[in-house]
Amino acid sequence: MPQESTLKYLIAGGVGGIFTVLTGHPLDTVKVLMQTKPNHYKGTWDALRKVMSQEGSISLYKGVMAPLLTVVPVFAVGFLGYGYGKDLVSEPDQEQLTGPQVLFAGLISGASTTIITVPAERIKCLLQLQVDHARYNGFMDCGIKLWKHGGIRNLYVGTTATFLRDVPATGLYFFAYEEIMRAVVNDSDNVTWQPLLAGGCAGVINWVVSMPFDTMKSKMQTASLGKYPQGLRSVYVDITRKDGFVGLYRGISPVLIRAFPANAACFWVYEICMSLLDKYVSWL
């Protein structure tokens with residue numbers, strides 16, 4: 001991939017990621033609470049009401065520093081991986097990729113972000129669950145304490161679940177976005193509202209596919225070390241024994257409510273950034 005394309009993917013992907021976090025974090029907090037404390041809340045609105053009445057509405061942004069500090073590299077690497085994947089599967093002078101080519105490029109993107117995503121989400125989930133800095137005093141304090149009490153293994157709890165969540169879901173994420181954009185954008189159109197629709201729909205599809213592994217990941221990342229000795233197998237049995245298969249989709253309501261606006265914002269800002277970089281920063 002040419003250097004200028006690499007820089008554009010990094011910049012536009014990182015900025016899009018920031019908007020995704022700012023738009024979607026409150027409902028991400030609700031999702032994690034419902035996944036890890038299923039007996040405490042009757043549903044999305046009950047969780048929102050209880051959290052805001054007990055801790056104030058600002059508490060919905062607990063743990064936001066973890067994704068904000070890592071979102072630029074995660075999304076930048078994700079969009080960069082997508083760009084590399086497209087280059088890998090495209091033929092010389094091919095102007096538009098086929099659906100399977102886009103899907104494969106998306107799989108490359110999902111695989112490329114795991115090394116950054118796992119520790120960031122481990123810290124985020126732990127901070128979202130605690131009340132009044134009971135154990136961790138912020139992002140850095142949590143990361144240091146996890147390292148001291150288990151080393152790198154403690155930071156990378158849930159790696160397999162994250163990988164299995166992100167790879168297929170990200171492939172479908174980019175596939176859905178590109179296919180919807182092809183359907184709603186004509187050659188004569190100015191791209192304005194279309195990324196909002198395509199990005200929002202892609203986000204919903206992403207989470208419908210990835211939710212079971214995300215639920216298992218959240219349970220593993222907020223449990224004490226050793227609680228699930230067989231990893232995914234242990235946590236799967238634990239969840240389904242209590243709640244059946246539907247337990248793997250616990251927290252899906254806030255996820256889907258969040259998915260459309262957060263991912264619409266991501267792709268809209270991404271497309272704007274790419275357009276501005278093409279127009280005004282010719283040396284990139």
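Predicted model: local features only at pLDDT ≥ 70, side-chain atom pairs only at ≥ 80, totals over all residues.
Residues are numbered from 1 along each chain as its sequence is written, and side-chain values use heavy atoms, with hydrogens and water left out.

**Exercise 1. Describe the largest cavity: what is its volume, and which elements line it?**

Step 1 is the search, made on a 1 Å grid over the protein atoms alone, where a cavity is a set of points at which a 1.4 Å probe fits but cannot get out, a pocket is an open set with protein on both sides within 12 Å along at least five of seven lines, and lining residues have an atom within 4 Å of a point. The structure holds one cavity of 30 Å³ or more.

Step 2 is the volume, the space filled by probe spheres set on the points, which are joined across faces, edges and corners; for the largest cavity this comes to about 780 Å³.

Step 3 is the lining, which has 34 residues, with V74, F75, E121, R165 and W207 the closest to the centre of the largest cavity. The elements giving two or more residues are α1 (3-36), α3, α4 (99-112), α5, α8 (159-184), α9 (194-222) and α11, where helices (H or I, at least four residues) and strands (E, at least two) are DSSP runs numbered from the N terminus. The most, seven residues, comes from α3.

**Exercise 2. Describe the second largest pocket: how many residues line it, and which lie nearest its centre?**

Step 1 gives the volume of the second largest pocket, about 300 Å³. Step 2 gives its lining of 15 residues, of which R122, L126, R135, Y136 and L146 lie nearest the centre. Step 3 assigns them to elements: α5 (114-129) and α6 (139-148) each give two or more residues, and the largest share, three residues, comes from α5.

**Exercise 3. Classify the aromatic pair of F79 and Y270, and explain which parts of the chain the pair ties together.**

Step 1 applies the rule that rings of Phe, Tyr and Trp (its six-membered ring) pair if their centres lie within 6.5 Å, with planes under 30 degrees apart counted as stacked, over 60 as edge-to-face and the rest as tilted. The whole structure has 10 aromatic pairs. F79 and Y270 are 4.3 Å apart centre to centre with 20 degrees between the planes, and the pair is stacked.

Step 2 locates the partners: F79 lies in helix α3 (residues 65-89) and Y270 in helix α11 (residues 252-280), so the pair ties together parts that are 191 residues apart in sequence.

Step 3 widens the view, as F79 and Y270 belong to one aromatic cluster that also includes Y82, Y173, F174, Y177 and F267.
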